[in-house]
Amino acid sequence: MSKTNKNGSFWHRLISNQMFIPLLALVLLAVINLITDPGFFRITPTVNNAGNTVLSGYLITILDYGSELAILAIGMTLVTAASGGQDISVGATIAIAGSAMLHVLCGGVARPTEIATPVIVAFLVACLVGILCGLFNGALVAIFKIQPMIATLILFTAGRSIAAWINNNELPIVPDPKFGYFGGFIPGIPIPTTVFIAAACIIVIALVLKFTNLGLYTQAVGINEKSSRLNGINPTVIKILAFVILGLCVAVAALIKVSRLSTINYSVIAKDIEMDAILAVALGGNALSGGKFNIWASILGAYVIQFLTTTLYKFQVSSDALAAYKAVVVIVLVVFSAPTVREYMSKLGKKLGAKKEVA
Amino acid sequence: MKKKLLTMLMAATMTMGLVACGNSAAPADTGADAGADTSVATETEAEAEAPAASGDLIKVGIINNDPNESGYRTANVADLKAMFTEENGYDASFAYSLKNDEQIQAAQQMIADDVDYLLLSAADTAGWDSVLQDAQAAGIHVILFDRTIDADESLYDASIVSDMAQEGKTAVDWLAGQGLDSYKVIHIQGVMGSAAQQGRSGALDEKASAESNWEIVEQQTAEWNAEKAQQIVQSVIDRGDEFNVIYAENDDMAKGAVAALDAAGISHGVGKDVIVMGFDCNKWALEELLAQNWNYDGQCNPFQASYIDEIIKTIESGSAPAQKVVIMTEKGFDATTITQEDVDTYGI
């Protein structure tokens, strides 16, 4: 009897854990792939055209292309938790930050023969631009009390035009192959650089959450703004801070995106990535209305989305149908998180537990 | 109270915005700024001179797609802007949008402004009949450029367009001429339904179904997006499928595909494992051809301004244009024969 009790509580703990849904999705996808093609998890070393030995395979592809989304999921989770809304300008601000980075790198010339400034300077400029965009969005949300989705609609609409204007409608191409390392491989290291960049971002945010009160304050503001103010937290600052952190994530994602091809196309770079980032947050079981959050679940959610995308490409699903599959995921999530369904599930769980006890 | 003030402020800003971008004749309008933050921006080249001064200028209204759409469009817009200047005897106003309804709105505005000529590159082929009838009733000449529309020929004076199907056919014929034993093609398509996609896909589809040694390994739309093309080719490589041709419907997507090949250590270009084909003749793409990293690039001629100018001159002199539909000559470049001169002349 004690055993069944333990089982029941284990089942309950599992279901109520936030990591449950993304983990379940991950396992489901992995199993489907394993059944249809056992070679899915094979990782083989190959020599790329630059002459380096690198690892390749589906798993590497998922880790590689999932990194931007994982980085954005960090910022998006904080924004969601603090403001109870989402930033839909992420793709457009990636275009702005990327454009600014290229402008500095190429010195304002479309086809330079060598880079005008070191990459680190250009990256810092991109960070600055990301922070400014974050400040703009954050100020609209925290100070002017505009709905986050409406406030960020401004940059969503105007962002790509601003990005084009920064470079005078030119599409600069970075001549230095070293710039491609950030979105590709560093010679001698067989794992994509993007994996390290994502890992670095995750470690930084883990340290910040561990050693500061950011997480606690963000949750407090998200759950009840008034009472957090009464407890001496300034909700305005916390909300703006969340948007600024997202701005920094955007700058890092822009570095990866621009580096992948050493150039930019304002109208399509990081297109619709905001929707994937929001989906990652939802998939992580975070309430989109703010409050309690779990960043690790969001990051896992981001990789699950990339896993899904890669799987669909593998099955040669038409790429304009990808959105429909993601919509199915959204529907399942919404249904699962609906209060009535949750209640029913927990009742069912209890019933099952009771039956077992009787037996 | 605070809220009310804010609402009023917002309303005021929005109205200002509308005034700034809606009225092309407003003297205060400084095009570039308006272009940066609205999707439809009308700008006045001639900075709205006094009406008397523009009496002998030919007034043209140009409706085009967003200049940022692609390298092709950027070149197209630059070409038109260079031609329709005051020095050349034109008073031109421009409107840009990728959305058909916004373009139609801009056209109505231009008809109301009483332009002499309406130049149109329509976002969508349908929905233009009533606007063009209005234009005809107002005695405005309509000239289509770049893209054709589904409307009766009597509704426009001339059209100067690219024959996308011919572009596709030229490319496929070139590929057939390479004499490979078997063709295993990765076909990366543009935005589904666009004229460029339909024309360029059509030729390849036809050939692949007609010949027994042609096989399309993967056919996917990357929506003109290099990143998507990279992921699609990556997935084919991960799957372990064999292929020897990449047929990308524009240069950006070919570039994304090549990035995936490079990462996987698959050689590409003249005399290598994989043949790379692109379209649009961006300058950087032609340079890849010159370096023999790619094999073929099909031209899509964005320089229609001189043709349009000629037609306007003909109509102004009182006669009808010799040809109603002008199809521009377009080339295909082969990496083995391309020269630096070609890159400089045809690169956009």
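Two strands are taken to pair if DSSP finds at least two bridges between them, and helices (H or I, at least four residues) and strands (E, at least two) are DSSP runs, numbered from the N terminus. The structure is a predicted model, in which local features need pLDDT of at least 70 and side-chain atom pairs count only at pLDDT 80 or more, whereas totals for chains, interfaces and linings use all residues. Residues are numbered from 1 along each chain as its sequence is written, and chains are lettered from A and ligands numbered from 1 in the order in which they are written.

Within the sheet of chain B, Tyr183(B) stands opposite Trp214(B) in β8(B), and strand β7 (residues 183–189) of chain B is joined to β8(B) by seven bridges, the two running parallel. These strands belong to an open sheet of six strands with mixed pairing, in the order β8-β7-β9-β10-β11-β13 (chain B). Its edge strands, each pairing on one side only, are β8 and β13 of chain B, and neighbouring strands are turned by 15° against each other on average, direction ignored.

Two helices of chain B that pack on this sheet are described here, with contact taken to mean that the C-beta atoms of two residues, placed from the backbone, lie within 7 Å, and with axes fitted as lines to C-alpha atoms, for helices over the stretch in contact, and angles running from 0 to 180 degrees between N-to-C directions. Helix α9(B) touches β7, β9 (245–248), β10 (275–279) and β11 (296–298) of chain B, and its direction makes about 155° with that of β10(B). Helix α10 (residues 283–290) of chain B touches β10, β11 and β13 of chain B, its direction making about 150° with that of β11(B).

Chain B as a whole comprises 12 helices and 13 strands. Of its 348 residues, 47% count as buried, a residue being buried if 20 or more other C-beta atoms, placed from the backbone, lie within 10 Å of its own, exposed if 12 or fewer, and partly exposed in between. Glu330(B), in the loop between β12 (325–327) and β13 (332–334) of chain B, counts as partly exposed because it has 18 C-beta neighbours inside 10 Å. Leaving aside residues up to four places away in sequence, Glu330(B) touches Ser162(B), Glu167(B), Gln299(B), Cys300(B) and Asn301(B).

The contact between the chains takes 38 residues from chain B and 35 residues from chain A. On the side of chain B that touches chain A, the largest share, 10 residues, comes from α8(B).
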